[in-house]
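Here is a short note for a colleague who is opening this structure for the first time. Please keep the view open while reading.

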Amino acid sequence: MESQNQEIYKADIEKNCDNKILPFVIPITNCYPATSEATGILFTDNNIYEWMFNSFIQIFEVEGNHAIDYYDFAIDNNPFLSYNEVDYSFIYHNWNSIIDFVISAIDDNYYVRLFVNMSKIAAYLNGDDNQHDMIIFGYDKKEALFYIADHFQKGYFEKKTCTFEELINALDTYKVELFNENYAFLNSAQLIKRETNLMRLRFSMYTPEEMDCILSLNLLRITDSLSDYLNGVPTANWYTRGRVMNEHLKASHHWGIQCYDILKLYVHELKGQHITNDFALQSFYVFYNHKRVMLERIKIIHQKYCLCNVDEHLKNFNELSILSNKAMLKYIKSTMKANNENSCDSLLKSIDQLYELDKNHTFLLLEDLLKLI
């Protein structure tokens, strides 16, 4: 009884304290908010750490804006996260303010995702008068601030803080003056919670051994997705962020290694018309990030299965990581030059080189991984 009372006492202290911070890390997969936010939460969970590396292998061209992104899960479609949207009208009818709502959500272990006007929050360092999705993972009542994460300065994904007043201003401006499209989505707060009891996976009476298998590295999944990457086809039978596509829609996207063509498209636009695509730099970064994640995946696979030729594979993907980073820097420099024809030609050659190396190195890795199955 005494132990039970102590637990109740601890719960009361936690509930009545002036601050609370939910687990959140800067993940290696920090390309776009929907991915960064999901992995920032999930990489804190040691139970599914291995499972995370079954993902983030396939990339694709996002419909409509040519942005390149991971095709695997995002914040709103993952078996280890629950996701809900709460309309602002409901929030303001049932809470005194958005501040009270966010605090009560965090007290119940929900991460809160809001679309805010970047110009109203100092962490964005004079951000545009535009909306962006920002995640809140903690609060401090005494200091009147929230702990937040987003791609703040120059696209870097960081953890920072904003004041209660800044958040109110960012949402009031948002509601009254700006952003009248996608009402149902942009005019709601998103609540995200870790599925710590794994209820979604336990509906079929899994044994402990089966659960361990589900939560571990899945070499078949990894090899299938690497094959999809090389063949330029959508990933299937996994938690993907894309909707179901018919054959025509599939053909309208670039998939996997085909996305190097999108990088070249950006460079040709810059060379011929001296214009930059809003998502070009971020797309170059996705390729660089993709190679960094592959390096970590190879290390974890080797620790568990003793991958053949591991040193060669690490060397190969380290080379791809370095060259991808150099290509990104070349693109930045090309945007700064008035006469950028020579630098663009050099960058196009670098992309062709990356394509060939990526194809060869990934094929060699796939061959050795298949030997482990």
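1. **Basis.** This is a predicted model: local features need pLDDT of at least 70, side-chain atom pairs count only at pLDDT 80 or more, and totals for chains, interfaces and linings use all residues. Residues are numbered from 1 along each chain as its sequence is written, and side-chain values use heavy atoms, without hydrogens or water.

2. **Overall make-up.** The protein has 14 helices and 9 strands. Helices (H or I, at least four residues) and strands (E, at least two) are DSSP runs, numbered from the N terminus. Of the 373 residues, 49% are buried. Buried means under 20% relative accessible area, exposed over 50%, and partly exposed in between (1.4 Å probe, protein chains only).

3. **Surface and contacts.** The accessible surface comes to about 18,500 Å², and carbon and sulfur atoms hold 50% of it. These areas come from the Shrake-Rupley method with a 1.4 Å probe; for residues, only the protein chains shown count as cover. Among contacts with a separation of 6 or more, 70% join residues 24 or more positions apart. Contact means heavy atoms within 4.5 Å.

4. Look at E7, residues 145-151: 6 of its 7 residues are buried. E6 (residues 131-140) runs antiparallel to E7, joined by 5 bridges. Strands count as paired if DSSP finds at least two bridges between them. Asp140 has Leu145 as its bridge partner in E7. E7 also pairs with E8 (residues 157-163), again in the antiparallel sense, over 7 bridges. There, Phe146 stands opposite Cys162 in E8.

5. **Two hairpins.** E6 and E7 form a hairpin with 4 residues between them, and Ala144 in the turn has a positive phi of about 55°. E7 and E8 form a hairpin with 5 residues between them. In that turn, Lys154 has a positive phi of about 55°.

6. **The core.** The largest nonpolar core has 106 residues. Such a core is a set of buried Ala, Val, Leu, Ile, Met, Phe, Trp, Tyr and Cys residues joined through side-chain atoms within 4.5 Å. Val102, Leu114, Ile136, Phe146, Leu167 and Phe284 touch the most other members. H12 gives the largest share, 12 residues. Leaving aside neighbours within four places in sequence, Leu167 is in contact with residues including Val102, Leu114, Ile136, Phe146 and Cys162.

7. **Helix H13.** H13 (residues 310-335) has 26 residues and reaches 38 Å from its first C-alpha to its last, close to the 38 Å expected at 1.5 Å a residue. The expected span is 1.5 Å times one less than the number of residues. Its buried residues include His313, Phe317, Leu320, Met328 and Tyr331. Their cover includes H11 (260-273), H12 (280-305) and H14 (341-370).

8. **Cysteines.** How many disulfides does the structure hold? It holds 0, where a disulfide is a pair of cysteine sulfur atoms within 2.5 Å. For Cys306, the nearest cysteine sulfur is that of Cys308, 9.0 Å away. Cys306 counts as exposed because its relative accessibility is 56%. Cys31 counts as buried because its relative accessibility is 0%.

9. **Phe363.** This residue lies in H14. Phe363 is partly exposed because its relative accessible area is 45%. Phe363 and Leu226 are 137 residues apart in sequence and 8.3 Å apart in space, C-alpha to C-alpha.
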